[in-house]
Amino acid sequence: MGNTIARNFTFGAPVAEYDQFLADAFFDSSDYLAIEAYDDSRRFIIGRTGSGKSACFKQLEKRFPSKVVRVDPQELALHYILNIGVVDVLQGMDVHLEPFFRALWTHVIMVAVIRHKTSRANQSDGLSWLRSLFQSKGRREAIAYVDSYGETFWQDTETIVKQVVERLQEKINNAAQGLLPSWPLQFGVKQEREISKVTEIQRNLRFRFQTIVNESQIPRLNEVVRAVDQDLLGSPREHLYLVIDDLDKDWVESNLAQLLIRCLFDVVLDLTHHIRHLKILVALRTNIFQKLDFARNTQQEEKHSSLVLRLRWEPSDLKKLLEERVHAASIRYKIDPPWTLGNILTQTSSQNAVDPLNYILERTFLRPRDVISYSNECLTQAVGKETITMNDIHNAQKRYSEERLTALRDEWKDPYRDIDKVLLKFQNASSRLNREELTAIFNEIALLTVDESYEGKEWLSPMCKAAIDSNFSSLEEWYKYYGDLFGLLFKISFLGVAKKQGTRDSRSPRSTVIYSYLEEERAQRATDHLESISSFYIHPAFHHVLNIAVLE
């Protein structure tokens, strides 16, 4: 090649927020093109950590800077909503909160679109402009809705959300005082005790509270939606993207949080039908999307499934992504002629030689973050050389493997606290395990439930129902006891399973093994065809850090 690999040469940052090559070396995958395509109906972008969700949204903003509205979840005061007393009291009384949460999401989205379209530096001028527009169209209900918020309509999203919730609290307070004169001004456990004293009062209060929640200014809000559709985004040239990313940042595991996100999905579905030139895009991690459990309602699942885009990367896509990044790095560091991926990865002519790129991909979950991380570590090992050799790739595994185990822990530590201690029980195991070998490890894992220092007993104990050293006459019986634990390790892609003889998966360098990221649909039903599971495999990404003995 002529040039040697310098210490500052890199494939870019694995995290989109810090990636210097995101703009110059973005790969237009088919999934990104679907996100960008205005006529593509898929709105919910689902993928595991590092699969490129944030990168896609950042690229969308770069290409259409005046057409993208971003709603920052950090400004949505989600923790405030989930912890405020009025919500706890209403939920405790079995008041259905869905109407309020849907109205809240609709309000937040409408305010974001309206503020973007007015684009007035002076808030009072923007309010006057909006009122004048609505008045000229005869939008009296929309005007009344905007006026009810006054200047606060233009404040930051967090202030708006808190104001909406506080209005609900005030209405609930007033309704309660009509039946309970001693109802306190601040919500808390006192109210729950007082309400429970009298069943009749409780029924009346629940009816009143449900009526208040159901109202939520729905008629006026519906008129605002119509106004946005017809007056602000009335033609195709006015179309907008509205993106909501990082909903799962600092995720709080609770039924209420899941309800809040399900209501967002309902609102997106509804607004998709009612605002023609607004494409709302919501990104969510796979594990949190699974917890929303749309499958329990078949009709709801069918409605949402058509709007879901699951990010998937083919090996050929990841190769092209690295090619783009090698070229961008060559330009940045003034390497002429620019390097190619073929130049930088040493290929040997031996008939039994391992393909270096396949070797790298085999140790990833086929997602950009993994591939960039491993490739950067290979570059570190190859500093001062003209190419990355297989020896460099092998040496890069130590740090990369440690990072992947830490990343897997961080991805799943909520709700699986101390999951890393479960994974460490596989140290010194073989890469391929039969059922008896895996059972022995599961028995060791079960002992964690009686370890005083272990902090994951709440989730692990129900998964370890079998008596230690139990004998199982069939795989079905084994699965009855250890199926939940196996299912978790399969879901997070730590374990894979051998497929039926004769089946192949062209996406996997190890075509006889299935991992959940290769076929997410099967990750949801890992018990399918139990009789066909002959062996269990520890993912190659963790071989080095766990000192796994590799069996071919």
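How are H7 and H11 oriented to each other? They are roughly perpendicular (a label for angles of 65 to 115 degrees). This is a predicted model, where local features need pLDDT of at least 70, side-chain atom pairs count only at pLDDT 80 or more, and totals for chains, interfaces and linings use all residues. Residues are numbered from 1 along each chain as its sequence is written, and side-chain values use heavy atoms, leaving out hydrogens and water.

**Two helices crossing**
- Helix H7 (residues 140–149) packs on helix H11 (residues 218–232) at about 110 degrees, with the axes 8 Å apart.
- At the meeting point, Glu-141, Ala-142, Ala-144 and Tyr-145 in H7 touch Arg-220, Leu-221, Glu-223 and Val-224 in H11 (contact means heavy atoms within 4.5 Å).

**A buried Asp**
- Asp-392 sits in helix H19 (residues 390–412).
- With a relative accessible area of 1%, Asp-392 is buried (buried is under 20%, exposed over 50%, partly exposed in between, using a 1.4 Å probe and protein chains only).

**Aromatic rings**
- The count comes to 19 aromatic pairs, where rings of Phe, Tyr and Trp (its six-membered ring) pair if their centres lie within 6.5 Å; planes under 30 degrees apart are stacked, over 60 edge-to-face, and the rest tilted.
- Phe-64 and Tyr-241 make a tilted pair, 5.7 Å centre to centre with 40 degrees between the planes.
- That pair links distant parts of the chain, 177 residues apart.
- Phe-64 is partly exposed at 25% relative accessibility, whereas Tyr-241 is buried at 2%.

Conventions. Axes are lines fitted to C-alpha atoms, for helices over the stretch in contact, and angles run from 0 to 180 degrees between N-to-C directions. Helices (H or I, at least four residues) and strands (E, at least two) are DSSP runs, numbered from the N terminus. Angles under 35 degrees count as roughly parallel, over 145 as roughly antiparallel, 65 to 115 as roughly perpendicular and the rest as oblique.
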